[in-house]
Structures are given as C-alpha cells and as structure tokens.
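The following exercises concern the sequence and structure shown below. Each task is followed by a solution in steps.

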Amino acid sequence: MNPASKYKIGLRYGIITGSLYFVLLFCRYKLFATNPRYFVLSAVISYLVILMMYLFTGIARKNELGGYAGMKEIFTSIFIVILITELVYIVFNLIYFNIVDPTFWKNFQTSTLKELQKIQAPGEQIEQQMKTFKDMEQQTSVANLIKGYGISVVIDSVFGLIFAIILRKHSPVVSNILEDPK
C-alpha cells in the first residue's frame, strides 16, 4: 500500500471547491443580484454546497487511509480546503467589486429599493435597509475582506472539526489498545 500524502486530498479538493465557489459567486452576483430574495437564497445554497464539499473532503481522506482515520488526519485535509476556498472568496470579491463591476452595490441597492416598493414595505423598513447598504459596501473593502478571511476560516473550521469528529474511525488494533491498554 502506498503511503498517503498528508496534503494531496486537501489540495485536490481545495482546487475543486475553490473553483466551484468561484462559479457559485459569479452566478450569485450576475444572475441573482436583481432580486434580493434570490440573492440571499443563492448565498445560503452556495454555503451549504461548500460545507458539503468539506464533508466530501473528509470522506475522501478517510477512504484514502483505508477507512480508518483519526480526527487530525481528516481535519488537516478539510482545513487545507477551507484555506483555499476562503482565499478564492477574497480574491474573487476583490476583483469583481473593484474591476469587473464596481457599481454592483449601487445597482443591488436600486433593485432592492424597487423590490421593497413593489411589496409596499413601510418607509422605516426601506430607510433601514438602505442604511445597511453602506455597511455591505464597506465589508467588501480590502481590509474588511482580509479580516473576514480570518473569521470565515474560524467559522468553517468549526464545521470541519465537527465533520472530522463524525468521520473519525480508529483501526481495530488502535481501538483495542485504547480500550484495554495492558
């Protein structure tokens, strides 16, 4: 049996997940920005898809190790995918909001205002929603994206840790030693 690389699965799934996230982000910003409900829904679905990719990474790592893997081995691969995926998110947003479509937030604000007026939302709600757009635009600044990278890595790592705990499985030899250390 060939020794399994500690990083091979993480790098492979990191590239796959990062590429998938790139496509999902592009679709969200291009196709769903005209309707705030669809925009939020696409964000939630995208995040769930990315979480599933973290889980698939853990499963692939466990299978690579012959069905028996500790939490550390599984989490290491998932963590590599998290680092790559969140890096893709930052780079994509920097490029998209600064080069591809610098007017994105203004256009999104306009479409949200039209949607709120269409459903006859109260004036206070409309005013409050319009104030939040300044915060949203500031969140996509370089400094805030980098700060957000750290926060996102921590949050995603919690899910990765949960997946690693669920997927871990010790070999029978290790289990016997852990149960009866004579």
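**Exercise 1. Determine where T112 lies and whether this residue is buried or exposed.**

Solution. The model is a predicted one.
Step 1. T112 belongs to helix α4.
Step 2. The relative accessible area of T112 is 4%. A residue counts as buried when this value is under 20%. Because the value for T112 is 4%, T112 is buried.
Step 3. Neighbours within four places in sequence are set aside, and the contacts of T112 are then P36, Q129, M130 and F133.

**Exercise 2. Carry out the analysis for S77: state its helix, its accessibility and its contacts.**

Solution.
Step 1. S77 is situated in helix α3.
Step 2. The relative accessibility of S77 is 0%, so S77 counts as buried.
Step 3. With neighbours within four places in sequence left aside, S77 is in contact with K6, I9, G10, T57 and R61.
Step 4. S77 and G58 are 19 residues apart along the chain, and their C-alpha atoms are separated by 6.8 Å.

**Exercise 3. Describe the largest nonpolar core and the contacts of F104.**

Solution.
Step 1. The largest nonpolar core has 33 residues, and Y29, Y54, F104 and F108 touch the most other members.
Step 2. Two or more residues of this core come from each of α1, α2, α3, α4, α5 and α6.
Step 3. Apart from neighbours within four places in sequence, F104 is in contact with Y29, A33, F39, Y96 and F97.
Step 4. As background, nonpolar side chains tend to be buried together in soluble globular proteins.

**Exercise 4. Characterise the largest pocket by its volume and its lining.**

Solution.
Step 1. The largest pocket holds about 830 Å³ of space. Its lining consists of 33 residues, of which R28, F39, A43, Y89 and Q139 are the closest to its centre.
Step 2. By type, the lining residues are 19 nonpolar, 8 polar and 6 charged.
Step 3. At least two lining residues are supplied by each of α1 (8-31), α2 (36-64), α3 (71-100), α4 (104-118), α5 (123-139) and α6 (142-167). The largest share, 9 residues, comes from α6.

**Exercise 5. Find which helix has the lowest confidence and which has the highest.**

Solution.
Step 1. The average pLDDT of the protein chain is 86, and 90% of the residues score at least 70.
Step 2. Confidence is lowest in helix α7 (residues 172-179), where the mean is 58. The highest value, 96, is found in α1.

Technical notes:
Residues numbered from 1 in each chain as written. Predicted model: local features only at pLDDT ≥ 70, side-chain atom pairs only at ≥ 80, totals over all residues. Heavy atoms only, no water. 1 Å grid on protein atoms, 1.4 Å probe; cavity = no way out; pocket = protein on both sides within 12 Å on 5 of 7 lines; lining within 4 Å. Points joined across faces, edges and corners; volume = space filled by probe spheres on them. Helix = DSSP H or I, 4+ residues; strand = E, 2+ residues; numbered from the N terminus. Nonpolar A, V, L, I, M, F, W, Y, C, P; charged D, E, K, R; others polar. Core = buried A, V, L, I, M, F, W, Y, C linked by side-chain atoms within 4.5 Å. Buried < 20%, exposed > 50% of the residue type's maximum accessible area, 1.4 Å probe, protein only. Contact = heavy atoms within 4.5 Å. pLDDT = per-residue confidence, 0-100.
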